[in-house]
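Work through the exercises below with the sequence and the model open. Try each task before reading its solution.

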Amino acid sequence: MKHINVATYNICHGRYADLDWSRIASAIREADADIVGLQEIDMGTNRIGGLDTVAALTAATGLTHALFVPAMDYDGGQYGTAILSRYPIVDSGILPLPSAHYEPRAFGCVTLTLGEGSTLTFLNTHLSYESAEQQKIQMRYLADWMAENLPAHTPAVLTGDFNTEDFTTFAPVTSLGYALVNDTAHEFKTFRHNPVAIDNIVYREGRMTPEAFGMMDSDASDHNLLWCRFKLN
């Protein structure tokens with residue numbers, strides 16, 4: 001029986017932590033995360049002094065396998081999301097999401113080898129904040145891609161800042177046999193200002209069973225970290 005700890009964390013490019021990556025890593029370590037989906041990642045931008053955020057966080061967390069997912073060029077560098085993992089990445093992909101005239105968005109997908117012949121597919125994204133309708137379009141796009149590309153017998157997780165606490169927005173994905181960690185039964189107000197439940201961990205039911213979950217209250221970002229410990233079936 002395999003257990004794995006998953007987290008999602010919007011770090012607001014390190015602004016609230018004053019670019020002290022150890023403060024951000026502290027929440028990830030406290031959650032004992034094996035895999036974390038990160039949002040609002042700067043890479044080499046002027047506002048963070050040209051730093052490599054992913055390299056800094058892999059060093060600070062000990063999660064040494066990583067994928068940066070650029071959504072757009074920004075301020076002399078790039079801006080997007082990232083995945084950090086304790087387990088090796090054996091396959092990866094980066095795909096744009098339909099963003100219309102809004103800020104560009106993308107999602108990353110990795111296949112992780114967990115040992116003993118088991119694998120996990122892990123996706124991470126950050127949906128548009130400007131339009132609820134665009135969020136629904138992006139969720140449908142994600143669901144269609146997942147239905148076409150993720151074999152039904154494999155465990156799979158989607159993390160992200162979805163910028164909505166309307167849980168019906170997830171219907172295209174939940175209709176495929178996925179469930180939410182953050183939902184009406186267990187609601188976590190992950191955004192710290194004007195608290196709203198906009199960060200989530202979505203998992204394939206039947207292949208994964210939540211055993212414990214919660215939220216790390218941390219002032220290292222304007223979001224709190226959401227985590228879940230799964231048993232892989």
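**Exercise 1.** How do the residues of the lining of the largest pocket divide into nonpolar, polar and charged?

Solution. The model is predicted: local features need pLDDT of at least 70 and side-chain atom pairs 80 or more, while totals for chains, interfaces and linings use all residues. Residues are numbered from 1 along each chain as its sequence is written, and side-chain values use heavy atoms, without hydrogens and water.

Step 1. On a 1 Å grid over the protein atoms alone, a pocket is an open set of points with protein on both sides within 12 Å along at least five of seven lines, and lining residues have an atom within 4 Å of a point.

Step 2. Ala, Val, Leu, Ile, Met, Phe, Trp, Tyr, Cys and Pro count as nonpolar, Asp, Glu, Lys and Arg as charged, and the others, Gly among them, as polar.

Step 3. The lining has seven nonpolar, three polar and six charged residues.

**Exercise 2.** What is the order of the six strands in the open sheet?

Solution. Step 1. Strands (E, at least two residues) are DSSP runs numbered from the N terminus, and two of them pair if DSSP finds at least two bridges between them.

Step 2. The order is 3-4-2-1-12-11, with mixed pairing.

Step 3. Strand 3 (65–74) and strand 11 (208–216) each have a single partner strand, so one side of each lacks a neighbour in the sheet.

**Exercise 3.** In which sense do strand 2 and strand 4 pair?

Solution. Strand 2 (residues 35–43) and strand 4 (residues 77–85) are antiparallel, over eight bridges. Met43 is opposite Gln78 in strand 4.

Terms used
Helices (H or I, at least four residues) and strands (E, at least two) are DSSP runs, numbered from the N terminus.
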